[in-house]
Amino acid sequence: MKYDVIVIGSGPGGYVAAIRAAQLGMKVGVVERAELGGICLNWGCIPTKSLLKSAQIFQYVKHAEEFGVALNGEATPDFGKMIARSREVAEGMSKGIQFLFKKNKIDHIKGSGKLAGSGKVEVDGGNGKKEEYTSDHIILATGARPKELPNLKIDGKKVIGYREAMTLQKLPETMVVVGSGAIGGEFAWFYQSLGCQVTLVEFLPNVVPLEDQEVSKQLERSFKKIGMKIMTNSTVESVEVANDLCKVRIKTAKGEEEKEAEVVLSAVGITPNIEGIGIDELGIEIEEGKIRVDEYYRTTAQGVYAIGDIVHGPAFAHVASAEGIICVEKIAGGTPQPMDYNNIPACTYTTPEVASVGMTEEAAKKAGYEIKVGKFPFTASGKASAAGQKEGFVKLVLDAKYGELLGAHMIGANVTEMIAEIVVARKLETTGHELIKSVHPHPTMSEAIMEAAAAAFGEVIHL
């Protein structure tokens with residue numbers, strides 16, 4: 001069968017590219033060997049947020065009396081039901097993608113796909129059955145898998161990855177989480193908040209190390225406040241399993257330590273899925289472990305494109321989706337604007353949440369900017385006080401000469417929703433002064449953005 005576009009992979013890059021291509025009048029086929037929606041929808045972004053919400057509700061109930069709500073008896077987490085709800089949410093979302101495929105007349109080609117020559121895709125449907133499909137445009141959207149370190153091999157039972165972390169049979173009493181990025185940080189908070197004693201090990205000096213240092217320090221304080229043990233500047237040297245416990249040898253600045261835990265969660269990053277998809281046969285160029293593409297995601301092979309985790313750029317679902325749209329709009333003969341990778345928001349859904357976009361204070365100084373920094377703590381926010389969520393702050397980094405918004409860094413309740421205001425403001429080249437003069441509703445958490453901008457210019461009212 002011939003298609004206008006074939007997409008290999010149905011994650012947030014692949015399925016969005018497919019739907020946009022169909023909207024533009026193209027005949028589309030999507031090759032997917034597992035559930036529609038890919039890792040993000042089935043084993044990543046969506047089910048983890050379900051788990052985090054369950055843990056957050058548990059925390060609300062534990063502190064209900066602080067809000068004047070009396071409870072009869074002690075609240076206890078039902079770990080099995082939390083896991084079951086998470087899977088139900090993921091399954092419901094996957095069915096939603098099935099509906100969208102039918103609505104847009106997109107064919108789901110079940111099996112493992114690979115490039116089979118110019119304009120050809122071979123699909124292995126299992127049981128020795130292989131079919132060949134043709135298309136002038138083939139988009140690779142095969143995503144990524146957990147990275148394995150030589151001294152931290154994932155066995156799926158005692159040393160686990162994120163997939164196993166959301167389907168454990170019971171709540172462990174102790175856990176070592178290796179890596180404190182978004183995945184590691186979120187799971188560390190989830191398990192600690194349910195009563196598991198978590199030790200979070202980070203190779204770099206700060207947790208969530210890509211974030212602004214002040215944000216990282218605040219999150220570390222928040223984690224320690226709930227009893228989590230934090231080990232930065234530390235490396236896991238080995239894991240040995242004995243008597244159903246993991247003996248974790250950790251190298252620190254002060255020497256070696258050994259921790260015991262029921263489970264070790266490896267969250268040290270991801271590895272692009274570029275093996276076995278036929279890129280070598282077509283001579284597609286690889287650059288530092290990822291497929292090299294141009295600004296419209298064209299590879300070095302005619303008619304082959306690549307998006308998402310297998311190309312260079314932030315490995316976020318929303319980035320993959322945007323890349324997919326740009327890619328197919330260019331294929332359709334449009335004139336889409338290339339992605340501005342300097343204006344991509346990053347979100348971590350711990351409690352408190354973390355969100356950022358643009359340059360950190362340190363990066364702006366290194367780039368040679370003369371800067372103004374405005375910071376507004378949620379302790380001074382009426383909405384945060386009323387909600388009992390006073391941890392955190394909004395920090396804006398601005399160019400002193402023109403008032404350009406160079407970056408925003410937030411930690412606190414609902415900041416993953418608030419960051420979009422800054423993304424749009426930067427897209428429209430809004431200045432700090434224009435933010436100050438944009439009336440924000442009261443009382444809201446988002447007022448902190450206006451107040452932080454005002455603080456940068458010495459005009460803040462509520463500090």
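Predicted model: local features only at pLDDT ≥ 70, side-chain atom pairs only at ≥ 80, totals over all residues.
Q: What makes Cys 40 and Cys 45 a disulfide?
A: Their sulfur atoms are 2.1 Å apart, and the pair therefore meets the criterion. A search of the whole structure finds 1 disulfide.

Q: Why is the disulfide of Cys 40 and Cys 45 called left-handed?
A: The torsion about its S-S bond is about -125°, and the disulfide of Cys 40 and Cys 45 is therefore left-handed.

Q: How do you know whether Cys 40 counts as buried or exposed?
A: Buried means under 20% relative accessible area, exposed over 50%, and partly exposed in between (1.4 Å probe, protein chains only). Cys 40 has 15% relative accessibility and so counts as buried.

Q: What is the relative accessible area of Cys 196?
A: The value for Cys 196 is 0%, so this residue is buried. Cys 327, at 1% relative accessibility, also counts as buried.

Q: Which residues touch the most other members of the largest nonpolar core?
A: They are Met 175, Phe 187, Phe 190, Tyr 191, Val 198 and Leu 200, in a core of 36 residues. Such a core is a set of buried Ala, Val, Leu, Ile, Met, Phe, Trp, Tyr and Cys residues joined through side-chain atoms within 4.5 Å. Elements that give two or more residues to this core include helix H3 (45–62), helix H4 (79–103), helix H6 (182–193) and strand E10 (197–201). Helices (H or I, at least four residues) and strands (E, at least two) are DSSP runs numbered from the N terminus. H6 gives the most to this core, with 5 residues.

Q: Which residues does Tyr 191 touch?
A: Not counting residues up to four places away in sequence, Tyr 191 touches Phe 79, Ala 165, Leu 168, Leu 171, Pro 172, Met 175, Cys 196 and Val 198. Contact means heavy atoms within 4.5 Å. Another core, of 30 residues, lies apart from the largest one and has Val 28, Phe 101, Ile 326 and Met 339 among its members.

Q: What makes the peptide bond from Thr 351 to Pro 352 cis?
A: Its omega is near 0°. Pro 352 is found in the loop between strand E20 (346–348) and strand E21 (353–358). A cis peptide bond also joins His 442 and Pro 443, where omega is about 0°. Pro 443 lies in the loop between helix H12 (432–436) and helix H13 (447–456).

Q: Why does Asn 233 count as partly exposed?
A: Its relative accessibility is 41%, so Asn 233 falls in the intermediate class. Asn 233 has phi near 50°, a positive value in a residue other than glycine. Asp 244, also not a glycine, has a positive phi of about 65°. With a relative accessible area of 57%, Asp 244 is exposed.

Conventions:
Residues numbered from 1 in each chain as written. Heavy atoms only, no water. Disulfide = S-S within 2.5 Å.
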